[in-house]
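Please study the sequence and the structure shown here. Some questions and answers will accompany them.

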Amino acid sequence: MTGLAAVSVALLVVSGLVGVPQYLERWRGTPSHPQVWLYCSALVQILLLGAAAVVALLSGGGAGWAVSGPLAVLAATVGGSSPTVAILRLSFNSSHPEHQQVLTGPEGEKVFNEEINAQPVLRGGAWIGVLERLAVASTLIMGWPEGLAIILAVKALGRYSELGKSGAAERFILGTFASQLWACACVGVAVLLA
């Protein structure tokens, strides 16, 4: 393995590990860091992954699948949370009627929004995302891209009943795309390294 390939592998691993504190936040239940930390973490991860891709391209490969494949799956699995959550938070529109305490009724009267304190939309999404990224990266590393269709189908069928809730379909699409793009990018670095 060349020196540049080793640097690329290190950048790939670090890009995934930077996201680990986000999981620790979830286990504790409430975030102790401000949202700025989430956005900075996501930006650092994306920049590190981009740097890993550039260095891998310059290295000409040589790391081999035995090294780059498992590390890409690791980076894809543990690293995708921050970028995905950052995209979901950036897309949140607090002025949208679904997030207002009081709405205007059909005849102009004020109506209390009963859904504002309802169950969170798409519960369990963080852990589903971890498993999704693991499955996506694994199927791509194994050379079976058809597996992506199965992963998407299983995820969509599992969430089908919840997608009618206000804002759920948008969060589902954004979260799925962000999560899968992260996993594909990690595997792309492995392809360049192999």
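This is a predicted model: local features need pLDDT of at least 70, side-chain atom pairs count only at pLDDT 80 or more; totals for chains, interfaces and linings use all residues.

Residues are numbered from 1 along each chain as its sequence is written, and side-chain values use heavy atoms, with hydrogens and water left out.

Me: Is Val73 buried or exposed?
Reply: Val73 is found in helix H4, residues 65–79 (helices are DSSP runs of H or I, at least four residues, numbered from the N terminus). Buried means under 20% relative accessible area, exposed over 50%, and partly exposed in between, with a 1.4 Å probe and protein chains only. The relative accessible area of Val73 is 14%, so Val73 is buried.

Me: How far apart in space are Val73 and Leu140, C-alpha to C-alpha?
Reply: Val73 touches Leu134, Ala137, Ser138 and Ile141, not counting residues up to four places away in sequence (contact means heavy atoms within 4.5 Å). Val73 and Leu140 are 67 residues apart in sequence, yet their C-alpha atoms are separated in space by 9.4 Å.

Me: What is the relative accessible area of Trp144?
Reply: Trp144 lies in the loop between helix H6 (125–141) and helix H7 (147–159). Trp144 is partly exposed because its relative accessible area is 41%.

Me: Over residues 172–193, how far apart are the end C-alpha atoms?
Reply: The chain there is 100% helix and 0% strand (strands are DSSP runs of E, at least two residues). Over residues 172–193, the distance between the end C-alpha atoms is 32 Å.
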